[in-house]
Amino acid sequence: MEMQLPPHVGDTLSVVDMHAGGEPLRIIRGGYPEVKGDSVLSKRRYVREHLDHLRRVLMYEPRGHYDMYGALIVDSEIPEADLGVLFMHNEGYSTMCGHAVVALSRFAVDYKLVKEPQSPETQVNIHCPCGLVKAFVEYSGGKTGGVRFLSVPAFAFATDVTVTVEQFGDVTVDVSYGGAFYAFVDAQRFGLDVTESRTQDLVDAATAVSNAVKSQVKLHHPTSDDLAFLYGTILTDGKDHYSSDPTANMCVFAEAQVDRSPTGSGVTARVALQYHKGLIQLNQTRTFQSGATGSQFTGKAVEETKCGDFKAVVVEVAGRAFYTGVSCFVQEPDDELTHGFLLK
């Protein structure tokens, strides 16, 4: 029997749901009003100021959950871009999201947002708020597969910075940029293991670090003030020297949101940090494992470059994404919870 929408008011919000490494991505296909702005960054500011109620509708319960992640496709001002994208989560809007790029790239080929697909790979240029990201989607026999993407220039912002963390005292952290800024610290500093410890304990430690860095470390980005904020903290297993064995980490970002994947932009930032410290060389591929799910991405530095005055690298990250469903969401006018809520 054909499914029919129930009685409702307003536009239907239609989405395609995917995941990459266990981290969800809700791709918004229709129902959003016009997103105004002459650039992707200005569009990001516009949705934050004028359309944020729709983020809450789609990310929050009862349609989403505390750790939901979303992507809104927009037009790009860059001619070579196939699409622009705005990332959203429980707190607001990110500047980069690697797991979303992996999923969006496959989606773009399957939903014909790019020109005729090519084998063995189809290139997809995605304009993220942090800049243009070039992705390559495996394509054979009409089917899409794994995805790799080349980051915007990534760099170590500051190393061995001491911050005073509530309940933990002085903690030494590194701060690195992979399209978004992250603080990095070995989980053992808190007596924790990123694959074995309780998730809440890891969240508490990472959140305390994020709060400390936000208040004690002044961030800046060479090209835009919109990019100069700490997105989250990544707790690691401390295995930063190059090895063929996987190294695990756990990313806690936004409002204590837990990434189920190894974190694509986090992998980018971590590779840049390892390269800066001389722990990894160009084209040495490392496997990064999610402490939450055990899922894996690979990452490697492929080229030296510059970002303003920072010595930077272009990092290639690779992973897979999978479809989980499609939905059409509606709002009833007498539903007191229709605008969404979060349980903390």
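**View 1. The second largest pocket of this predicted model has a volume of about 200 Å³.** A pocket here is an open set of points on a 1 Å grid over the protein atoms alone, with protein on both sides within 12 Å along at least five of seven lines, and lining residues have an atom within 4 Å of a point. Look for Thr172, Asp174, Phe184, Val185 and Asp186, which lie nearest the centre among 14 lining residues. Strand S10 (169–177), strand S11 (181–186) and helix H5 (264–276) each supply at least two lining residues; helices (at least four residues) and strands (at least two) are DSSP runs.

**View 2. The largest pocket holds about 340 Å³ of space.** Its lining counts 22 residues, with Tyr66, Val203, Glu255, Ala256 and Val258 the closest to the centre. Helix H4 (199–216) is joined by strands S12 (230–236) and S13 (247–253) in supplying at least two residues each, and H4 gives the most, with 7.

**View 3. Tyr111, Leu113 and Val326 make up a nonpolar surface patch.** You will find Tyr111 in the loop between helix H3 (98–110) and strand S6 (121–128).

**Notes.** Residues are numbered from 1 along each chain, and side-chain values use heavy atoms, without hydrogens or water. Local features need pLDDT of at least 70 and side-chain atom pairs 80 or more, while totals for chains, interfaces and linings use all residues.

Methods
Patch = residues over 30% accessible without salt bridge, like charges linked within 9 Å, V, L, I, M, F, W, Y side chains within 5 Å. Areas by Shrake-Rupley, 256 points an atom, 1.4 Å probe, with all protein chains shown as cover. Salt bridge = Lys/Arg side-chain N within 4 Å of Asp/Glu carboxyl O. 1 Å grid on protein atoms, 1.4 Å probe; cavity = no way out; pocket = protein on both sides within 12 Å on 5 of 7 lines; lining within 4 Å. Points joined across faces, edges and corners; volume = space filled by probe spheres on them.
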